[in-house]
Amino acid sequence: FQLDPARLNYSQIRKDIGQFSYTTAVDKTAGKFGIKAADYDIRTEQVRNYRGSKTQGATMTISQVSISKFAGFLSELLEIWPDLKCDNMKLTAIKDKPDNWKITIKFTYNIQSSNE
């Protein structure tokens, strides 16, 4: 608690949101870092069963964002949702705009069973 008191807030955020949803989790976190809904798109995949566990993937594309805003967004999103992982990302510089990037991120969320 002394090293990272924000973790208590993350627990409350998860409780407020309830069951994980990419759109809800991304919307709440992106807005906090000034990433507008008009600047990103998120596409979710079907839930998959694999070796007794369930996962759901998603691809998010942010049309333009600074590195500092993106780093804060991604760091907090992964901190709030420990079962979410970033599989890969692609950063493309936007020409003639310093520190403006188009970013595509592939996520996977491990869905916990209701009895855990």
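Me: What's the relative accessible area of Asp87?
Reply: It's 35%, so Asp87 counts as partly exposed. Buried means under 20% relative accessible area, exposed means over 50%, and partly exposed is in between (1.4 Å probe, protein chains only).

Me: What kind of model is this?
Reply: It's a predicted model: local features need pLDDT of at least 70, side-chain atom pairs count only at pLDDT 80 or more, and totals for chains, interfaces and linings use all residues. Residues are numbered from 1 along each chain as its sequence is written, and side-chain values use heavy atoms, leaving out hydrogens and water.

Me: Back to Asp87. Which residue forms a salt bridge with it?
Reply: Lys85, with the closest N and O atoms 3.7 Å apart. A salt bridge here is a side-chain nitrogen of Lys or Arg within 4 Å of a carboxyl oxygen of Asp or Glu. Lys85 is partly exposed too, at 45%.

Me: How many salt bridges does the structure hold?
Reply: There are 4. One of them joins Glu76 and Lys32, at 2.8 Å between the closest N and O atoms. Glu76 is in helix α3 and Lys32 in helix α2 (residues 22–32), so the pair ties together parts 44 residues apart in sequence. Helices (H or I, at least four residues) and strands (E, at least two) are DSSP runs, numbered from the N terminus.

Me: Glu76 first: buried or exposed?
Reply: Buried, because its relative accessibility is 9%. Lys32 is exposed, at 56%.

Me: Which side chain meets Lys106 in a salt bridge?
Reply: Glu45, at 2.8 Å from N to O. Lys106 sits in strand β4 (residues 101–111) and Glu45 in strand β1 (residues 40–50), so this pair links distant parts of the chain, 61 residues apart.

Me: New topic. What's the strand order in the sheet?
Reply: It's β1-β2-β4-β3, an open sheet of 4 strands with antiparallel pairing. Two strands pair if DSSP finds at least two bridges between them.

Me: Which strands stand at the edges?
Reply: β1 and β3 (84–93). Each has a single partner strand, so one side of each has no neighbour in the sheet.

Me: How many bridges join β2 to β4?
Reply: 10, and β2 (residues 53–65) runs antiparallel to β4. Met60, for example, has Ile105 in β4 as its bridge partner.

Me: Which strands does α3 lie across?
Reply: β2, β3 and β4, where contact means heavy atoms within 4.5 Å. α2 lies across β1, β2, β3 and β4.

Conventions. Axes are lines fitted to C-alpha atoms, for helices over the stretch in contact, and angles run from 0 to 180 degrees between N-to-C directions.
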